[in-house]
There are 2 protein chains.
Amino acid sequence: MSDEEKKARLRLREFLPYRLSVLSNTVSRGIANLYDREFGLTIWQWRVMAVTGDTPGISATDIGQRTAMDKVAVSRAVAGLIELGYMERKTSESDGRRSQLFLTPAGQDIYEMIVPIALEAERKLMAPLTSEEQAELSRLMQKLAGSASPERPLW
Amino acid sequence: MSDEEKKARLRLREFLPYRLSVLSNTVSRGIANLYDREFGLTIWQWRVMAVTGDTPGISATDIGQRTAMDKVAVSRAVAGLIELGYMERKTSESDGRRSQLFLTPAGQDIYEMIVPIALEAERKLMAPLTSEEQAELSRLMQKLAGSASPERPLW
DNA sequence: GTCAATTAGTTACATATGAAACTAATAAAA
DNA sequence: TTTTATTAGTTTCATATGTAACTAATTGAC
């Protein structure tokens, strides 16, 4: 076989990082539109609300870890949510640097409205997969996530 | 069961759109670092090179369709690549609006250097999956992509 | 042919994002 | 203690990105 024939080809449409990016962007864009249209929230604001609704009193740093957001993004999302009246901040008594974040009653209402809408969107997205396929996808993504973790970069 | 008990919960870490986004960002960031570090290219420049290397003479609009990039992003990536001396543009004889894009010899060299590196990165990413799992993942992503296509938005 | 409508691609502008510098508070070292 | 280093969070600045407006060429209607 000549060198010429051995040249590897890269078909973008079959290249996993590309496919992952396109799929993720399509899904994220759809969801972002939904949150923005219905509630005037960005994806990051919603993520912050989601974990705060789930874990009242959480700090900004911990939100960052739970949402894969950097601290600047968290800071901005929190500022926006306070501005909107959906969140309030107290300062930790034991540590004056640390914030303790809570949803306001208005924020709690929004939270409770979004959760079922978000779950329904996920359901529709997954609808073409059987429940076995859904479980398998989840498992495979888990494996990939381990393989691609930023702490142990592969390249 | 009371209404209180029926409240749905949303665990971000298990929410598919979120997991997809985190996984895709992790992978994309790793690959972007690789291209930038080794060749001084952005992901978008590399995508444009990839399809131009595969389809010499392609137009900017067609690149956009093949790479899921909007025309502004393609325009900027092409401008950067021309600046770097990796790409050249001719104007179509039959249609004066249309460009015909080609890799220069220098661009061709870079292209041939990147392709195996990119494929190797993909291989490492997928290494923890058996080949059956890889095929299954591909199939499931295909299904999801159909479900989430922007032409037929679900939400 | 002439004029309106469409298409390819670029430019301008406004917003989003991330890295680094910064402030304030706490912890650790001396 | 005081002083040095670390941590939580915000602000600043430079760059990236998307939308909309724009230019130039082509097509279609008449």
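**Note on the contact between chains A and B**

1. Between chain B and chain A there are six salt bridges (a side-chain nitrogen of Lys or Arg within 4 Å of a carboxyl oxygen of Asp or Glu). In one salt bridge, B:Arg9 pairs with A:Asp54, with 2.8 Å between the closest N and O atoms.

2. This is a predicted model, in which local features need pLDDT of at least 70 and side-chain atom pairs count only at pLDDT 80 or more, while totals for chains, interfaces and linings use all residues. Residues are numbered from 1 along each chain as its sequence is written, chains are lettered from A in the order in which they are written, and side-chain values use heavy atoms, with hydrogens and water left out.

3. Chain B gives 61 residues to the contact and chain A gives 61 residues (contact means heavy atoms within 4.5 Å). About 6,100 Å² is buried between the two chains, 69% of it from carbon and sulfur atoms (buried area is the accessible area, 1.4 Å probe, that two parts lose on being put together, summed over both).

4. Within chain A, helix H3 (residues 43-54) and helix H4 (residues 60-67) pack at about 110 degrees with axes 10 Å apart. H3(A) is therefore roughly perpendicular to H4(A) (65 to 115 degrees; helices are DSSP runs of H or I, at least four residues, numbered from the N terminus; axes are lines fitted to C-alpha atoms over the stretch in contact, and angles run from 0 to 180 degrees between N-to-C directions). H3(A) contributes A:Arg47, A:Val48, A:Val51, A:Thr52 and A:Asp54, and H4(A) contributes A:Ile63, A:Arg66 and A:Thr67.

Conventions: Helices (H or I, at least four residues) and strands (E, at least two) are DSSP runs, numbered from the N terminus. Angles under 35 degrees count as roughly parallel, over 145 as roughly antiparallel, 65 to 115 as roughly perpendicular and the rest as oblique.
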